[in-house]
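Here is a short report on one protein chain. Please keep the sequence and the 3D view open while reading.

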Amino acid sequence: MKTIIIPVIISLVLMSCGSSKYSVGNSPELQALAGMLKKLDKDHGNEALKSDINHSYASITKNLLGNIEVYETLTEPDRWDKIINTYHTLQRLSDVIHKSKARTFIDAPSYEAYIQVARQNAAATYYEEGMKYMDAGDKSSFRHAYELFSKTNNYYPGYKDVNQQMAYAFKESILNVVINPVTDQSSYYSQIGPNRFGNSFNSDLLQRSLVRDLGGDYSRNSPARFYTDREAYMARIDVDWLIDIMWTNLDVPYPLTQSFSKKLSKEIQVSKDTSGKPIYKTVYATLYVTRRCFTARGELECRVTDAHTRENIDLKRYQAQVDWSQDYATYKGDSDALGENEWRIINNRVPLPRREDILLELYQKIYPNLKNGIYNLVY
């Protein structure tokens with residue numbers, strides 16, 4: 001079988017390479033032209049094929065140039081992205097013609113000069129748009145200006161003073177974000193009192209972890225600096241965003257108790273007869289199992305507000321649940337009837353998890369989505 005499969009695979013690879021040789025794009029017209037150019041390699045004297053190729057090339061070129069004329073009538077800055085992309089398609093088409101046998105009857109021009117002019121025009125347009133946003137003076141406008149200057153630099157590196165403008169726009173666009181301690185607005189607070197969290201579920205610790213994992217104030221390339229409320233106060237930071245995180249729903253129920261019994265039996269060797277043959281007897285025991293279980297649920301709300309205007313910027317809720325169960329057992333009867341699993345349950349002395357440990361596990365399940373939600377909002 002191998003001697004048959006290998007040549008087939010090689011043939012398919014070669015066919016794929018051959019068809020991609022003249023590939024310019026995925027449109028039906030461009031794919032059809034690529035197929036005709038491939039045929040021309042083997043049948044370069046076919047006049048009808050040459051005529052079809054000539055007609056196809058002329059039609060595609062005319063349509064692409066027509067698209068550019070339409071794009072040039074637009075006023076949005078991203079018209080230059082469309083114009084430049086179209087010129088690149090035209091240039092790839094010319095390159096394909098020049099490396100095929102169609103070069104003998106089609107004079108495909110170069111569009112590199114047009115591309116360079118369009119890139120310069122794009123750089124100028126994005127630069128001018130960026131300068132307009134610089135005048136607005138707010139963080140969002142500075143960030144938009146930075147993005148526009150980045151496009152300027154992509155099309156024409158070092159255009160005018162774009163690097164300085166980018167640096168200034170980035171600096172002024174940096175958000176100072178304060179993450180407040182995690183609070184509890186659910187009925188769970190009133191059920192178990194203000195010292196409900198315990199040492200392992202410290203709201204300040206959770207706050208600091210989130211600040212640290214989002215980059216704190218030390219990530220120089222980040223568009224945001226994150227602080228605890230205390231850090232921002234001590235450093236006299238002009239805060240832009242406030243993030244309040246609170247439990248809006250917590251349900252940590254008391255365990256349900258289920259009881260059941262299980263009869264066990266096992267044959268064990270008790271002696272041997274005079275010929276040395278083992279003698280067995282059946283022993284019996286009853287296992288009395290108590291199962292304790294519960295499902296804890298929590299919902300965390302993350303609210304982002306503008307520190308200056310107090311307007312809501314974002315609001316998301318995250319949910320998680322923790323399933324817990326534990327079996328305990330006693331027995332009556334012959335202990336020899338018990339197996340390894342039964343002894344494990346009998347010897348089980350694992351206590352109920354503390355409520356603060358359950359809350360911590362709920363938070364840890366929510367934490368990745370919470371952190372990513374804040375990250376995506378800032379970046």
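## Overall make-up

This is a predicted model. The protein chain has 12 helices and 7 strands. Of its 379 residues, 40% count as buried.

Contacts can also be sorted by sequence separation. Take those between residues at least 6 apart in sequence: 69% of them join residues at least 24 apart.

## Helices α2 and α4

Two packed helices are described by the angle between their axes and the distance between the axes. Here, helix α2 spans residues 28–42 and helix α4 spans residues 79–99. They pack at an angle of about 10°, and their axes lie 12 Å apart. An angle under 35 degrees counts as roughly parallel, so α2 is roughly parallel to α4. The crossing of the two helices is left-handed.

Which residues make the contact? From α2 come Leu30, Leu33 and Leu37. From α4 come Thr89, Leu93, Val96 and Ile97. By type, the contact residues divide into 6 nonpolar and 1 polar, with no charged residue.

## Ser56 in helix α3

Ser56 sits in helix α3, which covers residues 47–71. Is Ser56 buried or exposed? Its relative accessible area is 13%. The cut-off for buried is under 20%, so Ser56 counts as buried.

Leaving out residues up to four places away in sequence, Ser56 touches Glu29, Leu33 and Met36. Leu33 also belongs to the α2 side of the contact with α4.

## Strand β4 and its partners

Strand β4 runs over residues 241–251 and pairs with strand β1, residues 175–179. That pairing is parallel and has 3 bridges. Within it, Val178 has Leu242 of β4 as its bridge partner. Strand β2, residues 183–184, also pairs with β4 in the parallel sense, over 2 bridges. There, Thr183 stands opposite Met246 of β4.

The pairing of β4 with strand β6, residues 278–306, is antiparallel. It has 10 bridges. Trp247 stands opposite Leu300 of β6.

How many bridges join β6 to strand β7? There are 21, and the two strands run antiparallel. Strand β7 covers residues 312–333.

The hairpin of β6 and β7 has 5 residues between the strands. In this hairpin, Arg310 takes a positive phi near 65°.

## Thr305 in β6

Thr305 lies in strand β6. With a relative accessible area of 9%, under the 20% cut-off, Thr305 is therefore buried.

What does Thr305 touch, not counting residues up to four places away in sequence? The contacts are Asp240, Trp241, Leu242, Glu311, Asn312 and Ile313. Of these, Leu242 is also the bridge partner of Val178.

## Tyr227 in β3

Tyr227 has its place in strand β3, residues 224–228. At 8% relative accessibility, Tyr227 counts as buried.

Setting aside residues up to four places away in sequence, Tyr227 touches Asn176, Val177, Val178, Ile179, Val211, Asp217, Ala232 and Ile237. Among them, Val178 is the residue bridged to Leu242 in β4. Asp217 is 10 residues from Tyr227 along the chain, and their C-alpha atoms are separated by 6.7 Å.

Technical notes:
Residues are numbered from 1 along each chain as its sequence is written. This is a predicted model: local features need pLDDT of at least 70, side-chain atom pairs count only at pLDDT 80 or more; totals for chains, interfaces and linings use all residues. Side-chain values use heavy atoms; hydrogens and water are left out. Axes are lines fitted to C-alpha atoms, for helices over the stretch in contact, and angles run from 0 to 180 degrees between N-to-C directions. Helices (H or I, at least four residues) and strands (E, at least two) are DSSP runs, numbered from the N terminus. Angles under 35 degrees count as roughly parallel, over 145 as roughly antiparallel, 65 to 115 as roughly perpendicular and the rest as oblique. A crossing is left-handed if the near helix is turned anticlockwise from the far one by less than a right angle, and right-handed if clockwise. Contact means heavy atoms within 4.5 Å. Ala, Val, Leu, Ile, Met, Phe, Trp, Tyr, Cys and Pro count as nonpolar, Asp, Glu, Lys and Arg as charged, and the others, Gly among them, as polar. Two strands pair if DSSP finds at least two bridges between them. Buried means under 20% relative accessible area, exposed over 50%, partly exposed in between (1.4 Å probe, protein chains only).
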